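Here is a short briefing on how the side chains of this chain hold on to one another. Please keep the sequence and the structure open while you read.

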Amino acid sequence: MTAAALAGLAVAALLVGWRTGSTAAGPATIRPGGGVEVSPAAPPPRIHPFARQPRRKPRPALPSPTAPPVVAEGFDGCDHGYGEDAEICVPWRFPPGVRDRCRWLSARDYPPLRVVRARDRHGLDRNRDGVACGRGD
């Protein structure tokens with residue numbers, strides 16, 4: 001049997017609703033080795049008993065959350081207390097053995113960073129001018 005004949009048989013099965021032992025037919029599938037497989041018809045939808053109680057009022061919707069989720073500080077491994085750009089990531093923990101953190105940051109192309117939220121957790125702003133690893137630090 002040719003592929004065109006198989007496709008025609010599948011279409012005929014869908015249109016006529018033919019299936020052995022049943023008058024209902026679902027979607028047909030053409031098998032790779034040849035032949036047509038007709039899926040059984042989908043069962044009718046089940047209507048739950050509570051759906052037949054039109055006098056009951058639906059429950060009011062819950063309010064949408066207004067506050068953003070609280071994420072623990074340092075969760076992403078970054079200390080966001082430095083720099084105004086959210087993409088700047090000063091490490092929450094510097095690698096073991098790093099003594100001069102400003103030199104370590106400078107070697108990785110970090111510019112002098114502004115201290116934000118008045119928090120200098122790493123002590124990078126030694127002269128307290130609001131710029132971490134800047135002149136005089």
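## A buried aspartate and its surroundings

Asp79 counts as buried, because its relative accessibility is 0% (buried means under 20% relative accessible area, exposed over 50% and partly exposed in between, with a 1.4 Å probe and protein chains only). Please bear in mind that this is a predicted model, in which local features need pLDDT of at least 70 and side-chain atom pairs count only at pLDDT 80 or more, while totals for chains, interfaces and linings use all residues. Residues are numbered from 1 along each chain as its sequence is written, and side-chain values use heavy atoms, with hydrogens and water left out.

**Around Asp79**

- Asp79 belongs to strand β3, which spans residues 78-79 (helices, H or I with at least four residues, and strands, E with at least two, are DSSP runs numbered from the N terminus).
- Leaving aside residues up to four places away in sequence, Asp79 touches Val90, Pro91, Trp92, Arg119, Arg121 and His122 (contact means heavy atoms within 4.5 Å).
- Val90 sits 11 residues from Asp79 along the chain, and the C-alpha atoms of the two are separated by 5.3 Å.
- With Arg119, Asp79 makes a side chain to side chain polar contact at 2.9 Å (a pair of N or O atoms within 3.5 Å; within protein, one must be able to donate a hydrogen and the other to accept it, and residues adjacent in sequence count only if both atoms are side-chain atoms).

**Salt bridges**

- How many salt bridges does the structure hold? There are 6 salt bridges, each being a side-chain nitrogen of Lys or Arg within 4 Å of a carboxyl oxygen of Asp or Glu.
- One of them brings together the side chains of Asp79 and Arg121, at 3.7 Å from N to O. This pair links distant parts of the chain, 42 residues apart: Asp79 is in strand β3, and Arg121 is in the loop between β5 (113-114) and β6.
- Arg103 and Asp100 form another salt bridge, with their closest N and O atoms 3.8 Å apart. Arg103 is exposed, at a relative accessible area of 62%, whereas Asp100 is partly exposed at 29%.
- Asp100 also meets Arg126 in a salt bridge, at 3.9 Å from N to O. Asp100 lies in the loop between β4 and α2 and Arg126 in the loop between β5 and β6, so this pair ties together parts that are 26 residues apart in sequence.
- Through shared partners, salt bridges join Glu73, Asp79, Arg119 and Arg121 into one network.

**Disulfides**

- A disulfide is a covalent bond between the sulfur atoms of two cysteines. Counted as pairs of cysteine sulfur atoms within 2.5 Å, the disulfides number 2.
- Cys78 is joined to Cys89, with an S to S distance of 1.8 Å. The torsion about this S-S bond is about -90°, so the disulfide of Cys78 and Cys89 is left-handed.
- Cys78 is in strand β3 and Cys89 in the loop between β3 and β4, so the link spans distant parts of the chain, 11 residues apart.
- Cys78 is buried, with a relative accessible area of 8%, while Cys89 is partly exposed at 25%.
- Cys102 is joined to Cys133 at 2.1 Å from S to S, and this link is left-handed, with -85° about the S-S bond. Cys102 lies in helix α2 and Cys133 in the segment after β6 (131-132), so the pair ties together parts that are 31 residues apart in sequence.
- Are Cys102 and Cys133 buried or exposed? Both of these cysteines are buried.
- With bonded cysteines counted along the chain, the disulfide pattern is 1-2, 3-4.

**Aromatic rings**

- A pair of aromatic rings is described by the distance of the centres and the angle of the planes. Rings of Phe, Tyr and Trp (its six-membered ring) pair if their centres lie within 6.5 Å, and planes under 30 degrees apart count as stacked, over 60 as edge-to-face and the rest as tilted.
- By this rule there is 1 aromatic pair. The ring centres of Phe94 and Trp104 are 5.3 Å apart and the planes stand at 80°, so the pair is edge-to-face.
- Phe94 lies in the loop between β4 (90-91) and α2 (101-107) and Trp104 in helix α2, so the pair ties together parts that are 10 residues apart in sequence. Phe94 and Trp104 are both buried.
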